[in-house]
Structures are given as structure tokens and as C-alpha cells.
Amino acid sequence: QLKRFCVEQPQFVVVTSAAQARAQIAKGRIALVPAIEGGEGIESVEDVDRLYAAGVRSVTLVHFVDTQLGGAAAGQQAFNIFERVTGALNGEGLTELGAGVVERMLQLGMMVDLAHASDETSRAVLALAEQYGASVINSHTGARALLGIERNVPDALAARIAKGGGMVGITLSDQQVSRVPDEKKWEGYAPGTCDDTVAHWKHLASVMPVEQLTLGSDFNGMIARPKAGGGCPDGIRNTGDLNALYEALARNGVPAEAIDGMGWRFLELWEALERRADPQALEQALEANPYAASVFDVAL
């Protein structure tokens, strides 16, 4: 499907390395990095090799429920469906299989994504990544200090991700950035608008370097996008409105260079992971499932 999409929309291209991404961006194209949200289909460490051979370069280990890889953030459905904050934490962490999967991903220079993970899973993944000297990401989240659900990242884990060179993506989803406390608002603040995302961004910038924050929009068609008002007069209807969000961030103290360099810093993170990859592991992975190597193959 990705291959078909890129054929039909030639301004997009699938890339499987940071170098490919830079080359295609230089040509004015939009680089797509194959990723999987939720590792439910990973039943063995060998499956990581198969995914790599197919072009996948990032995996969100868990999604809405616990899997054979580890524990997911508690209370996700309670908040998403019933708007009920439970404050619960899931005691389930990374499983033995999950640890093996993470280690293999790091050997291959893949991105490990902690979005949707329980705190216990996140801490275990970070411990492994720190042993490897590798970075991890949390691709789309909010600040738990502003909305107390486990799905949102706590300050300590955000700081730990940043210390390891990783990045945290701030979402536009109302399911993670709503109910901002009054003390975090400013004059003219409009709930339900992009101001919510700005408030979460500002908070996380107080506990980690602002340069390691990025947009983790979660534009998947299932969330309520920010309505018109506040810092974004037209709301965030689509990506064409993102400049208004960036302007709102700048008005609230986020440096322009931090906003403008988000994509490049992501590529630098990816390049650092690739440099740490084990050449023998890469060779094994590319041979693991040769027929799948064409799944994301697009003429570059």
C-alpha cells in the first residue's frame, strides 16, 4: 500500500535510511519512514529481522493493551472512550521476549518507540538502550504533569529520554492534552484549541531540552483536532495549518531554531542509531526474508 501510494503521489517517497531521507528531501520530496504502531505481530526475535528486511525502521512496542512484548499504559480506554482519568499505573513491564526484541532493534539501528508503553516498560527499555549507548523516542504523547494519565510521559522519563539523546513528540490529540490546569494557562487561553498542545510543549520544555521536543501529531483521522481559536485562529484542520501552531509556540517562548530544526534533529538521531548498528546483524536481517525486501521498495 505504501508503494502504491507513493506511485500515485510522487511527491512522497519511502526511505529506509537517513541518507535516503536527506537525498529525497533535497529533491523536494516528502520522506516516509516505515513504522509499526504496536508489536502485537512480533512473536519472536527473528520477526524483527523480517520486519527490517521489509523496510520497517521504527516500532512502537505496545499499543492499547499488554502484549507478549510488555505492558501498555493503564487507563487508555477509560479516558479515550469514557473521558475518565483513573490515575492507574500498569505494573507490567518488558517481557523476556520484549527485551530480546529491543536488543535486536538496537543491534539493527532501528528506532524503539515508547509511546503507549507503561512506565515499567519504558524504564526497562531505557535501561537496555543506555547499556547500548543508544537513543529511543516517544513519538506522540503529552505531559503527565498536566493530564495525569499513564499514556502521558512523566517528567522523569521525559528527562531520561532526552539525556540518552532521544526525542519526545507532543501530540495534537485532545485525548492527551485536554484539561490543562488553570495555573498552566495564560491570558486569552482557549481550551480545545492548539493552546492545549502549546501548554504541554511548554511544560516538557521545562524538564528537558526544548531542542529534543518535536511534533508528534497523531493525525490518524480518529482524534478531535484542535478547534479554531486561541493561538490558531483556524484551528488545526490539516497540515496546512501547522504554521499557526509553530507561531503560537514561538509566542510562548519556544525558540525558532528549536521549531525549525525538528526534522533535522530526528534525522541526526536516526543516523546515530545507524552508526551503532552491528554490520553482522544487518547482514543477517537482510537475508532473513529476502522476498519481503521489496515490500517498501520504491525507485529512488
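How much space lies in the largest cavity? About 90 Å³. Keep in mind that this is a predicted model.

**Stop 1: the largest cavity**

Select Leu114, Ala117, Ser122, Asn138 and Val153. Of the 17 residues that line the largest cavity, these lie closest to its centre. The largest share comes from α6, which gives three residues. Colour the lining by class. Eight residues are nonpolar, five are polar and four are charged. The structure holds three cavities of 30 Å³ or more.

**Stop 2: the largest pocket**

Next, select Ala31, Leu215, Gly216, Ser217 and Phe266. They lie nearest the centre of the largest pocket, which is lined by 42 residues. Its volume is about 1700 Å³. Which helix gives the most to this lining? Show α12: six lining residues come from this helix. Colour by class again. The lining of the largest pocket divides into 25 nonpolar, 12 polar and five charged residues.

**Stop 3: the second largest pocket**

Move on to the second largest pocket, with a volume of about 250 Å³. Pick Phe64, Asn80, Gln175, Asp218 and Asn220, the closest to its centre among the 15 residues that line it. Then show helix α4 (76–82) and helix α8 (174–177). At least two lining residues come from each. By class, this lining has three nonpolar, nine polar and three charged residues.

**Stop 4**

Return to α12, the helix that gives the most to the lining of the largest pocket. Select Glu271, then Arg22. The two form a salt bridge, and their closest N and O atoms are 2.6 Å apart. Where does each partner sit? Glu271 is in helix α12 (residues 262–276), and Arg22 is in helix α2 (residues 18–26). The pair links distant parts of the chain, 249 residues apart. A search of the whole structure finds eight salt bridges, this pair among them.

**Stop 5: two crossing helices**

Last, show helix α3 (residues 45–54) together with helix α13 (residues 279–288). Their axes come within 7 Å and cross at roughly 80 degrees. Angles of 65 to 115 degrees count as roughly perpendicular, so α3 is roughly perpendicular to α13. Which residues meet here? On the α3 side, select Asp49, Arg50, Tyr52 and Ala53. On the α13 side, select Leu282, Gln284, Ala285, Leu286 and Ala288. Colour this contact by class as well. Six of its residues are nonpolar, one is polar and two are charged.

Note on methods: Residues numbered from 1 in each chain as written. Predicted model: local features only at pLDDT ≥ 70, side-chain atom pairs only at ≥ 80, totals over all residues. Heavy atoms only, no water. Axes fitted to C-alpha atoms, helices over the stretch in contact; angles between N-to-C directions. Helix = DSSP H or I, 4+ residues; strand = E, 2+ residues; numbered from the N terminus. Parallel < 35°, antiparallel > 145°, perpendicular 65-115°, else oblique. Contact = heavy atoms within 4.5 Å. Nonpolar A, V, L, I, M, F, W, Y, C, P; charged D, E, K, R; others polar. 1 Å grid on protein atoms, 1.4 Å probe; cavity = no way out; pocket = protein on both sides within 12 Å on 5 of 7 lines; lining within 4 Å. Points joined across faces, edges and corners; volume = space filled by probe spheres on them. Salt bridge = Lys/Arg side-chain N within 4 Å of Asp/Glu carboxyl O.
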